[in-house]
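Let's walk through this model together, one group of contacts at a time. Keep your viewer open as you read, and pick out the residues as they come up.

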Amino acid sequence: MRTAIFTGTFNPFTIGHADIVSRALAIFDHVVIGIGYNPAKTEHSDVETRIEQIEAVYKDEPRVTVEAYDDMAADFAARHNAVAVVKGVRTVQDYEYERNQAEYNRLLGDGLETVLFFARPQLAAVSSSAVRTLQHFGKDVSRFLP
(Lines give C-alpha, C1' and ligand atoms only; values in the text may rest on other atoms or scores of the structure.)
Protein backbone atom coordinates (compact mmCIF):
# COMPACT_ATOMS: atom_id res chain seq x y z
CA MET A 1 0.00 0.00 0.00
CA ARG A 2 1.32 3.44 -0.97
CA THR A 3 0.66 5.86 1.88
CA ALA A 4 1.19 9.61 1.87
CA ILE A 5 0.95 12.06 4.72
CA PHE A 6 -0.63 15.50 4.43
CA THR A 7 0.55 17.68 7.27
CA GLY A 8 -0.54 21.08 8.51
CA THR A 9 -2.34 22.83 11.31
CA PHE A 10 -5.62 22.80 9.33
CA ASN A 11 -7.08 25.56 11.41
CA PRO A 12 -9.61 25.29 9.87
CA PHE A 13 -9.58 22.53 7.24
CA THR A 14 -10.73 24.28 4.05
CA ILE A 15 -12.06 23.26 0.65
CA GLY A 16 -8.53 23.84 -0.61
CA HIS A 17 -7.21 21.21 1.79
CA ALA A 18 -10.01 18.83 0.80
CA ASP A 19 -9.06 19.32 -2.86
CA ILE A 20 -5.45 18.31 -2.10
CA VAL A 21 -6.65 15.16 -0.31
CA SER A 22 -8.90 14.26 -3.23
CA ARG A 23 -6.09 14.69 -5.72
CA ALA A 24 -3.66 12.75 -3.52
CA LEU A 25 -6.10 9.82 -3.34
CA ALA A 26 -5.86 9.54 -7.11
CA ILE A 27 -2.16 8.72 -6.69
CA PHE A 28 -1.85 7.09 -3.27
CA ASP A 29 -3.78 4.24 -1.65
CA HIS A 30 -4.03 5.96 1.70
CA VAL A 31 -3.64 9.52 2.99
CA VAL A 32 -2.95 10.25 6.64
CA ILE A 33 -3.88 13.81 7.54
CA GLY A 34 -1.51 14.87 10.29
CA ILE A 35 -2.48 17.83 12.41
CA GLY A 36 0.78 19.23 13.65
CA TYR A 37 1.59 21.71 16.32
CA ASN A 38 3.32 24.79 14.91
CA PRO A 39 4.49 27.21 17.61
CA ALA A 40 4.63 30.02 15.01
CA LYS A 41 0.87 29.82 14.47
CA THR A 42 -1.92 30.73 16.87
CA GLU A 43 -4.12 27.79 17.71
CA HIS A 44 -7.76 28.71 17.08
CA SER A 45 -9.47 25.46 17.97
CA ASP A 46 -8.09 22.59 19.93
CA VAL A 47 -6.61 19.65 18.08
CA GLU A 48 -9.33 17.21 19.16
CA THR A 49 -12.00 19.44 17.63
CA ARG A 50 -10.08 19.69 14.37
CA ILE A 51 -9.63 15.90 14.27
CA GLU A 52 -13.39 15.41 14.76
CA GLN A 53 -14.24 17.99 12.07
CA ILE A 54 -11.90 16.45 9.49
CA GLU A 55 -12.96 12.89 10.34
CA ALA A 56 -16.57 13.94 9.72
CA VAL A 57 -15.61 15.08 6.21
CA TYR A 58 -14.07 11.65 5.48
CA LYS A 59 -16.46 9.43 7.44
CA ASP A 60 -17.28 7.49 4.26
CA GLU A 61 -13.70 7.39 2.93
CA PRO A 62 -11.71 4.57 4.57
CA ARG A 63 -8.56 5.57 2.69
CA VAL A 64 -8.21 8.71 4.82
CA THR A 65 -7.25 8.79 8.49
CA VAL A 66 -6.66 11.78 10.73
CA GLU A 67 -4.42 12.15 13.75
CA ALA A 68 -2.36 14.69 15.63
CA TYR A 69 1.41 14.66 15.90
CA ASP A 70 3.94 16.78 17.77
CA ASP A 71 7.25 15.74 16.26
CA MET A 72 8.92 16.08 12.87
CA ALA A 73 6.93 15.31 9.72
CA ALA A 74 9.64 12.85 8.67
CA ASP A 75 9.13 10.93 11.93
CA PHE A 76 5.35 11.01 11.47
CA ALA A 77 5.82 9.67 7.93
CA ALA A 78 8.09 6.88 9.16
CA ARG A 79 5.49 5.74 11.71
CA HIS A 80 3.01 5.34 8.86
CA ASN A 81 5.47 3.85 6.36
CA ALA A 82 4.59 6.79 4.10
CA VAL A 83 6.37 7.11 0.78
CA ALA A 84 5.61 10.81 0.39
CA VAL A 85 4.46 14.04 1.93
CA VAL A 86 1.76 15.83 -0.06
CA LYS A 87 1.39 19.58 0.14
CA GLY A 88 -0.58 22.30 -1.58
CA VAL A 89 1.04 25.36 -3.12
CA ARG A 90 -0.82 28.61 -3.82
CA THR A 91 1.94 31.17 -4.23
CA VAL A 92 5.65 31.53 -4.94
CA GLN A 93 6.14 32.04 -1.19
CA ASP A 94 4.37 28.74 -0.50
CA TYR A 95 6.60 27.06 -3.08
CA GLU A 96 9.82 28.37 -1.48
CA TYR A 97 8.68 27.33 1.98
CA GLU A 98 7.63 23.85 0.83
CA ARG A 99 10.83 23.38 -1.19
CA ASN A 100 12.88 23.97 1.96
CA GLN A 101 10.67 21.64 3.99
CA ALA A 102 10.98 18.98 1.27
CA GLU A 103 14.77 19.10 1.56
CA TYR A 104 14.64 18.58 5.32
CA ASN A 105 12.09 15.78 4.95
CA ARG A 106 14.27 14.08 2.33
CA LEU A 107 17.35 14.30 4.56
CA LEU A 108 15.61 13.34 7.80
CA GLY A 109 13.21 10.84 6.25
CA ASP A 110 15.76 8.69 4.44
CA GLY A 111 14.74 9.88 0.98
CA LEU A 112 11.12 10.76 1.83
CA GLU A 113 9.69 12.52 -1.21
CA THR A 114 7.37 15.51 -1.35
CA VAL A 115 4.61 15.82 -3.94
CA LEU A 116 3.34 19.35 -4.52
CA PHE A 117 -0.15 20.03 -5.81
CA PHE A 118 -0.63 23.49 -7.25
CA ALA A 119 -3.86 25.10 -6.12
CA ARG A 120 -6.66 25.18 -8.62
CA PRO A 121 -7.16 28.84 -9.68
CA GLN A 122 -10.62 29.03 -8.11
CA LEU A 123 -9.18 27.88 -4.75
CA ALA A 124 -5.89 29.81 -4.73
CA ALA A 125 -7.23 32.57 -2.48
CA VAL A 126 -8.69 30.19 0.10
CA SER A 127 -6.52 29.97 3.20
CA SER A 128 -7.12 29.00 6.80
CA SER A 129 -5.95 32.41 8.01
CA ALA A 130 -8.37 34.22 5.66
CA VAL A 131 -11.22 31.99 6.84
CA ARG A 132 -10.32 32.72 10.49
CA THR A 133 -10.37 36.46 9.73
CA LEU A 134 -13.79 36.20 8.11
CA GLN A 135 -15.06 34.19 11.10
CA HIS A 136 -13.71 36.84 13.47
CA PHE A 137 -15.83 39.46 11.72
CA GLY A 138 -18.93 37.26 11.79
CA LYS A 139 -18.99 36.43 8.08
CA ASP A 140 -20.46 33.22 6.69
CA VAL A 141 -17.52 30.98 5.78
CA SER A 142 -19.50 27.85 4.87
CA ARG A 143 -18.54 28.08 1.19
CA PHE A 144 -14.87 27.79 2.15
CA LEU A 145 -15.30 24.70 4.33
CA PRO A 146 -16.03 21.16 3.15
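How many salt bridges does the count come to? The count comes to nine, where a salt bridge is a side-chain nitrogen of Lys or Arg within 4 Å of a carboxyl oxygen of Asp or Glu. Before going further, a word on the ground rules: this is a predicted model, so local features need pLDDT of at least 70 and side-chain atom pairs count only at pLDDT 80 or more, while totals for chains, interfaces and linings use all residues. Residues are numbered from 1 along each chain as its sequence is written, and side-chain values use heavy atoms, with hydrogens and water left out.

Back to the charges. Side chains of opposite charge can pair when their charged atoms come close. One of the salt bridges joins Asp-71 and Arg-79, with 2.6 Å from N to O. To describe how open such residues are, we call a residue buried under 20% relative accessible area, exposed over 50%, and partly exposed in between (1.4 Å probe, protein chains only). On that scale Asp-71 is partly exposed at 29%, and Arg-79 is partly exposed at 46%. In another salt bridge, the closest N and O atoms of Asp-94 and Arg-90 are 3.2 Å apart. Here Asp-94 is buried, with a relative accessible area of 18%, whereas Arg-90 is partly exposed at 37%. Arg-106 and Glu-113 form a salt bridge too, their closest N and O atoms being 3.7 Å apart. Arg-106 has a relative accessible area of 31% and is partly exposed; Glu-113, at 39%, is partly exposed as well. Salt bridges with shared partners also bring Asp-19, Arg-23 and Arg-120 into one network.

Now turn to the interior. In soluble globular proteins, nonpolar side chains tend to be buried together. A nonpolar core, as used here, is a set of buried Ala, Val, Leu, Ile, Met, Phe, Trp, Tyr and Cys residues joined through side-chain atoms within 4.5 Å. The largest one has 21 residues, and those touching the most other members are Phe-13, Val-21, Ile-33, Ile-54 and Tyr-58. Two or more residues come from each of strand 1 (3–8), helix 1 (15–25), strand 2 (30–36), helix 2 (47–57), strand 3 (64–69) and strand 4 (84–89). These elements are DSSP runs numbered from the N terminus, with helices being H or I of at least four residues and strands E of at least two. Helix 1 gives the most to this core, with five residues.

For a local view, select Ile-54. Leaving aside residues up to four places away in sequence, Ile-54 touches Phe-10, Phe-13, Ile-33, Ile-35 and Val-66, contact meaning heavy atoms within 4.5 Å. Apart from this core lies another, of nine residues, including Ile-5, Tyr-69, Ala-77 and Ala-82.

The aromatic rings come next. The whole structure holds four aromatic pairs: rings of Phe, Tyr and Trp (its six-membered ring) pair if their centres lie within 6.5 Å, and planes under 30 degrees apart count as stacked, over 60 as edge-to-face and the rest as tilted. Phe-6 and Phe-10 make an edge-to-face pair, 5.0 Å from centre to centre with 65 degrees between the planes. Both Phe-6 and Phe-10 are buried. The rings of Phe-13 and Tyr-58 are edge-to-face because their planes stand at 80 degrees, with centres 6.0 Å apart. Phe-13 lies in the loop between strand 1 and helix 1 and Tyr-58 in the loop between helix 2 and strand 3, so this pair ties together parts 45 residues apart in sequence. Phe-13 is buried at 7%, and Tyr-58 is buried at 12%. Ring pairs link Phe-6, Phe-10, Phe-13 and Tyr-58 into a cluster.

Finally, look at the backbone. Most residues other than glycine have a negative phi, and most peptide bonds are trans. A cis peptide bond, with omega about 5 degrees, joins Asn-11 and Pro-12, and Pro-12 sits in the loop between strand 1 and helix 1. Asn-81 has a positive phi of about 50 degrees; this residue is in the loop between helix 3 (73–79) and strand 4 and is exposed at 63%. Asp-110 also has a positive phi, near 50 degrees, and is found in the loop between helix 4 (92–108) and strand 5 (113–118). With 78% relative accessibility, Asp-110 is exposed.
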